[in-house]
Amino acid sequence: MSVAAPTSVLAPDEAGVITPHALDLVVALHREFRDRREDLLLARAERQKRIDAGELPDFLEATRSIREGDWRVAPVPADLQDRRVEITGPAGDRKMVINAFNSGARIYMADFEDANSPTWANVVGGQQNLTAAIERTISLEQGEKSYSLNDEVAVLLVRPRGWHLQERHVLVDGEHVSGGLFDFGVYLARNAERLLERGSGPYFYLPKLESHLEARLWNDVFCVAQDRLGIPRGTIKATVLIETILAAFEMEEILYELREHSAGLNAGRWDYIFSVIKKFRERPEFVLPDRAQVTMTVPFMRAYTELLVKTCHRRGAHAIGGMAAFIPSRRDQQVNEVALARVREDKHREAGDGFDGSWVAHPDLVPVATAEFDEVLGERPNQLDRQREDVATGAADLLDVAATPGEITEAGVRANVSVGIRYVAAWLQGVGAAAIDDLMEDAATAEISRSQIWQWLRHGRVERAAVERIIGEVMAELPDEPVYREAREVFEKVALEEVFVDFLTLTAYAQLLRDGA
């Protein structure tokens, strides 16, 4: 498909996914909101400079009246009332899409962000898959095995890309469009009417927000898009991932900005850990131990999740817990028993803390997580009535990273290097959710791996020569193929260079485009 300037789609679209109707909405949103988006990204950079200079985040004095006010978010539709288990996966992988819908989870979050490598084939194919799933025509034949939807399937939510990412295959007025606006606009224009006809609606997850002003931008996008499509305001519902340390200080304000469109908050645990490393990268007191030792029960993670539940339930919003990333093994039952026990413990804790649901990465974990939430919820769809008035989280609790127990080991360095390089190699081959060492790794977990290496080097906790030696040893264990050499180059750029790269996907996307994807 090709559209004359000032709008251009720079890649083929044989399936006709990017319809004129969809493209019209994307263009309108780009022109209406590009300046605000760019201003907010500049504000992120300015905030980082202040943090580097010693500023620490705190609850905002300017929005105290919102935190102390008496307000609630609008009720969610019936099909979003029970979210006890949610499964996630990339929208561009048809087999994974079908399996996720059929998994028995209440919700399927189809991902164009951290679990998606944004090749044009994945971006367009993901949109095609979701429309086919809504119409219940999606299917796949693989040899003797065929895949299609069950009679009962999960409710669909879609995660567009974050504000920092672009869609480099689409130009509007000579500028690349926001990846998030592109994903959102195409999906909404194609499917809003289809979803409403089937008794559901356009539901989203919003990633990487760092402030309530970024939530306000999304809310304004929703209003403009609904008005242009002639659907009532409030039809769109969105769950915000609280996956940055700065957003943790503005959870009430984020809910308030989206109150007409809010479907709650989610504890995006992996990106949250990455955010702590990134935001306080110049502060030695924020150095974290090996990734495996930063669990959900360490003080700063416990403080954030308990505050999230309290905040959500006070405002009538759902609180959704974090990801269980374990992938059950078909060969090693001993590994399974240990890992599944940890998953049960994790989901038992979340349900007991008041969460209304939680995430898993694999269909085999759905019954495990469901059992833990069933035990607490019973026949109730959620536990919004549990107010958690016992929680009294302050700024110091959210920032108490120094209390994290653990140490930095060579095994931890090796694991970060190995996961980082192998994940980037998968990403460059179009795979955004990669099974590595019995875990489903995505961009968020890879970000922890590379940012920890950078942080440890920055503060002299490991020697550069040791890291370079381990990189060489890891490479010797991997296939001698160009993609692994490219992955090493990307990893070294985002983990070893003096200047910290905000997101590894920015560097990897440039390589993806050079490779013609």
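Predicted model: local features only at pLDDT ≥ 70, side-chain atom pairs only at ≥ 80, totals over all residues.

Mentor: Two strands pair if DSSP finds at least two bridges between them.

Start with the partner β2, which covers residues 85–90. Strands β2 and β13 run parallel and are joined by 3 bridges. Within that pairing, Val85 has Ser358 of β13 as its bridge partner.

Strand β12, residues 319–324, also pairs with β13. This pairing is parallel too, again with 3 bridges. Here Met323 stands opposite Trp359 in β13. To get from β12 to β13, the chain passes through helix α11, residues 333–353.

Now the side chains. In a regular strand they alternate between the two faces of the sheet.

For contrast, look at another sheet. Three strands form an open sheet in the order β1-β7-β8, and their pairing is antiparallel. Its edge strands are β1 (7–9) and β8 (175–178), each of which pairs on one side only. Neighbouring strands in this sheet are turned by 50° against each other on average, with direction ignored. Strand β7, residues 166–172, is joined to β8 by 4 bridges, and Leu171 stands opposite His176 in β8.

Key:
Residues numbered from 1 in each chain as written. Heavy atoms only, no water. Helix = DSSP H or I, 4+ residues; strand = E, 2+ residues; numbered from the N terminus. Axes fitted to C-alpha atoms, helices over the stretch in contact; angles between N-to-C directions. Right-handed = clockwise from strand over helix to strand, strands pointing away.
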